[in-house]
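Please examine the sequence and the three-dimensional structure shown here before reading the explanation.

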Amino acid sequence: MNSRMMRTILQQLLLSSIISLPLFSQRSFPQDRINAALQTAFLNSKHGAPASVPANSNRDLSAYLDQMTQLRKDHFDPYRIQNDLPQPQALDTVIVGLVPNDTLRITGNWNHTGPIWVLGTGVLIFHNATVHDTGDVIVFQNGKWLADSTSFFFPQNYFYERTFLLVQNGVAVFDHCSTNYSGMSHGLTVAGNASMTWNDMHNDDWTTCGLNGHASMSIHNCNVSGEYILYDTCTANFIHADTIILWHQMPATAVVNYGFPSGNPVYNYDFNNSIAGVSGLNYSVHADSCVDVMWALMPVNGSDVTLSNSTIRLIGAWFMNGDITTAHGIFNNSSYTNYITPLADRNLHLINSSVQTWSMYLFDSSQVIMDSCQFGEIGTQQESYVSATNVLADGSGGYFWATDTSAVIATNCISYNTCRSERNGLFILGYSWLPFTPPTSINNSEIICVQNTLVADPVPYDASVAWLEKIDGPDTTYVNSIVPLNGSAWINQGPLGNPIDFSSYSLYWQYPAVSQNWYQIVIDS
C-alpha cells in the first residue's frame, strides 16, 4: 500500500486490530474479536454511576477529570485486556460514557497523554479546540465523537503508532477540522455499523483506512484523503476529495471483467454489484469531482478478475484460508498486453493495462514462497509465513513487515522500505541490503538481523527486541595468514524491556570443499 499503509490497518484490518494494515498499516477486520474484546475490556451500564455523578451529565473538563478519576478507582481494571486493543491502557485514559447519556465538551487548548474511549451513549464534543493527545482513540457501542473547528495533533514515534478505531454503532463527525500525525501515516478503522464523516477536512499526513462490516465513510472537501480498503458490505462516498487510493478488495466469490476510468478529475464513479461486469462482492463506492484518484486492487485467492485498459497504481494480493503458493517473476512498473499473473491460486488477467506497484498480504496460516520479484509492500499477519529470496522491495508501496504471530524470513534481498516486526511477529533478515532506513521492531516483536548491509543499526521500540549479528570481514584472505574476525553480536531491548536478552556468542568455521563439519573458534564468549 505505500508507506502510508497499513497497522493498525493492516494492523487493524488486515488488522486483526488491520488493519493494523501502509501504504499498510490491521491490518480482515475480525468484528467478532473486536466485539468480544470490547465487551470484556470495558465497563457497561450495570456498573452504574457514583452518587456524585448525575446520570445525565453535561460536564466541563475539570469536573470530568475529577469524577472519572474516582470512577476508575472504583470500577476500572486497566489490565484486563493486553493483546486485543491497540495499546496497553492506563489510568490516564479519558472515558466518556460510563454513565448513561454522558457528555464531555472540550474547547480551547487541551493536552492529554493516554487513550480516549467513547462508549455506551457517551458523546465527546470538541468545539474551537486545539488538541494534543498522545494515545489512540476508540469509539464503540453507541458512542459519538463530534468535532468542529478543531485542530488535532497526535504525535507519533513511528508510522502507524496511532489509530482511530470506530466500531459497533459508533459515530464520528469532523467539521472544519485538521489533523497532524508527526508527518507519518496513521491508521483508521471503521467497522460494524459505525459511520465516519469528514466535512471540510485538512490532513497534514496520510490516512490508511479499513472499511468493513456495514461501515460507512463520507468525505466532502478534503485535501489529503488517504487510502481506503473497501471490504464486506461497506459504503464510501467521496465528493470534492483529493489524493485518494481506492483499494477494491476482490473476495473469493468475485467474478469481475472491468476497466477503470482514466482521466483526472474523476466524475460520477460508482463500483458495486450493479455495474456491468462486476459480481460477487457487496460493498459500494461513489466518487465525484475528485482529484488524484488512484485505482488499487486486492484480489483474494479464488477470485476471477480480468482488467482491461486500466492504469493501476497498486495490486495487493491477499492470501487467505491456509493458502500455500509461490510467486516468481512479478515486477513493479510493468505494462501488460495480455498477462495472466503467475499465481496458481486465482485468475488475475491483465489486458492492455499497467501496474505501478505489486504487494502481498498474508492471513491466517497461509504460506508463500517468493523468489526473484519486485514488490512495493509485503506483510504477514496472524500465523502466516513468507520466505523471500532475491526480492527487491522498492519503496513504491509501503513497508516489509511481520505482525501478530506471523514470520518472515528474507535473504539476499534489497529493501528500500522499512523492514519491521510488530506485535508478537518474528522477522529474520539475512544477507540483505537496506540503504535508506534501519530495521525496526515494535510492540512485543522480534527482528533478527544477520550479515546485512544496513544504513544504521536496528532500532527496538516499546517492549520489542532487535538482534544484530554481523562479521565485518574479511571476504578473502591468504593461506597460512592470521584472519581477524571483527564485528557485532548484540540484542537490544525497547524502552519497556523484554525477557529476551543477550547472553553470549560463539564462533565456528567450516571449509565446505573438504568437510561439512563446523569447528569451534570461540564458545560462549
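This is a predicted model: local features need pLDDT of at least 70, side-chain atom pairs count only at pLDDT 80 or more; totals for chains, interfaces and linings use all residues.

Residues are numbered from 1 along each chain as its sequence is written, and side-chain values use heavy atoms, with hydrogens and water left out.

The protein chain holds three helices and 44 strands; helices (H or I, at least four residues) and strands (E, at least two) are DSSP runs numbered from the N terminus. Of its 525 residues, 56% are buried, where buried means under 20% relative accessible area, exposed over 50%, and partly exposed in between (1.4 Å probe, protein chains only). The accessible surface amounts to about 20600 Å², and carbon and sulfur atoms account for 51% of it; such areas come from the Shrake-Rupley method with a 1.4 Å probe, and for residues only the protein chains shown count as cover.

Side chains of opposite charge can pair when their charged atoms come close. Seven salt bridges are found in the whole structure, each being a side-chain nitrogen of Lys or Arg within 4 Å of a carboxyl oxygen of Asp or Glu. One of them joins Arg162 and Asp136 at 4.0 Å, N to O. Arg162 lies in the loop between β8 (151–153) and β9 (163–166) and Asp136 in the loop between β5 (123–134) and β6 (137–139), so this pair ties together parts that are 26 residues apart in sequence. Both Arg162 and Asp136 are buried, and a network of salt bridges links Asp136, Glu161 and Arg162.

A further salt bridge connects Asp404 with Arg423 at 3.5 Å, N to O. Asp404 sits in the loop between β31 (400–402) and β32 (407–411), and Arg423 in the loop between β34 (419–421) and β35 (426–430), so that distant parts of the chain, 19 residues apart, are linked. Asp404 and Arg423 are both buried. Glu422 and Arg420 also meet in a salt bridge, at 2.9 Å, N to O, and these two residues are likewise buried.

On the surface, a nonpolar patch with about 760 Å² of accessible area together includes Ile471, Trp509 and Val514. Patches are made of residues with over 30% relative accessible area and no salt bridge, like charges being joined within 9 Å and nonpolar side chains (Val, Leu, Ile, Met, Phe, Trp, Tyr) within 5 Å. Val514 belongs to the loop between β43 (507–509) and β44 (519–522). Val514 counts as exposed because its relative accessibility is 64%.

The largest cavity contains about 100 Å³ of space. On a 1 Å grid over the protein atoms alone, a cavity is a set of points where a 1.4 Å probe fits but cannot get out, and lining residues have an atom within 4 Å of a point. Grid points are joined across faces, edges and corners, and a volume is the space filled by probe spheres set on the points. Thirteen residues line the largest cavity, and those closest to its centre are Phe174, Thr179, Tyr181, His186 and Trp198. The strand that gives the most to this lining is β13, with four residues.

Methods:
On a 1 Å grid over the protein atoms alone, a cavity is a set of points where a 1.4 Å probe fits but cannot get out, and a pocket is an open set with protein on both sides within 12 Å along at least five of seven lines; lining residues have an atom within 4 Å of a point.
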